[in-house]
Amino acid sequence: MKSRERVKRAIKFQNPDRVPISHAILPAAQLKYGEALNDILAIVHEDFGWEYLPDLKREDYPPLYKTGKNYDDFGTLWNVEMEGICGIPIEYPLADWNKYGDYNWPDFGAGPPKARQYSGHMTGISEDYYARGGWITFFEQIQQLRGMENMLMDIAYQSKEIYRVRDDLLEFNLDYLDKWLAHEYDGLHFADDWGAQNALIISPEQWRDFFKPAYKKMFDKIKSAGLDVHFHSDGQISDIIPDLIDIGVDVLNCQASVVGLEVIKKEFAGKISFRTDLNRQSVMPFGTPDEVKSHILEVFDSLGTPDGGIIACGEIGPDIPLENIKAMYETFMNYNY
């Protein structure tokens, strides 16, 4: 079975021949491990065309991964202390609402900006692979325009300006999606980290009132074009998983260990497919290879079904030992539904 069919069958619960595999390798891990990591990856059949990604030079890292202070396309200033690890925004173009009248949205021309091209998602050059594009943010982009504290206060007080920026960003993203849809992709990937460790960052009611309609418009555009919707969100997001299913998310990449494996198995397995996230807080960096293998089997059992529903993935950062990376991929490749 070719990779493209394997992924499609896994997403639709149509009995793929094996679990498809997706890489999620941070630049810092590549910098740290070099050829030792490449030796492990050489024996892994990844199903999203990672091998077709261009070799990203350090000088070409986007602002959020490049050491030092650098502005992105939207005018946000990023501070990166460790090369290859996502930095933090420290200066926001809309921190002062009085500047909004003079703000110019970036012009990406006929395609995605280079700053968005590192994520491992602009893949699928070969028709044998499942082509997944994008890494499109909404909540996080508003944070980066306005600043987290300002944004949360705006939402709490329902300022007229925050509704304006929401609607303007939605219009911008819908136009941006047209640029992706001009190419032949099987699915597009959205990403917003909605959860803290124990709860949603804002109330579920606020999320449904302010953000859900905007997501629905973006997802409807993707679904009407016949593509799958992939969505990434870290933290405790169990309150909005039913909403994400309701508005058309096909593949969810969430922190399953934070949401709760038992909760997912009971309430969501079989209703939506999962791109797995392994426990990055304890098991992957500090566990033994045997503990890594046992954890993966528990995750697969909780998130998937005998008919499919999982894409095998585990983020590789510089804190993950090589032996655990190897154990992860060996478990992925040897797993049978």
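## Basis of the model

The model is predicted: local features need pLDDT of at least 70, side-chain atom pairs count only at pLDDT 80 or more, and totals for chains, interfaces and linings use all residues. Residues are numbered from 1 along each chain as its sequence is written, and side-chain values use heavy atoms, with hydrogens and water left out.

## Overall form

Along the principal axes, the C-alpha atoms fill a box of roughly 55 × 40 × 40 Å.

Buried residues (under 20% relative accessible area, with a 1.4 Å probe and protein chains only) account for 56% of the 337 residues.

## Secondary structure and sheet

The protein contains 13 helices and 9 strands. These are DSSP runs numbered from the N terminus, with helices (H or I) of at least four residues and strands (E) of at least two.

An open sheet is formed by 6 strands in the order S4-S5-S6-S7-S8-S9, with parallel pairing. Strand S4 (132-136) and strand S9 (310-311) stand at the edges with a single partner strand each, so one side of each is left without a neighbour in the sheet. Strands count as paired if DSSP finds at least two bridges between them. Strand S8 (residues 273-275) runs parallel to S9 and is joined to it by 2 bridges; Arg275 stands opposite Ile311 in S9.

Note on methods:
Buried means under 20% relative accessible area, exposed over 50%, partly exposed in between (1.4 Å probe, protein chains only).
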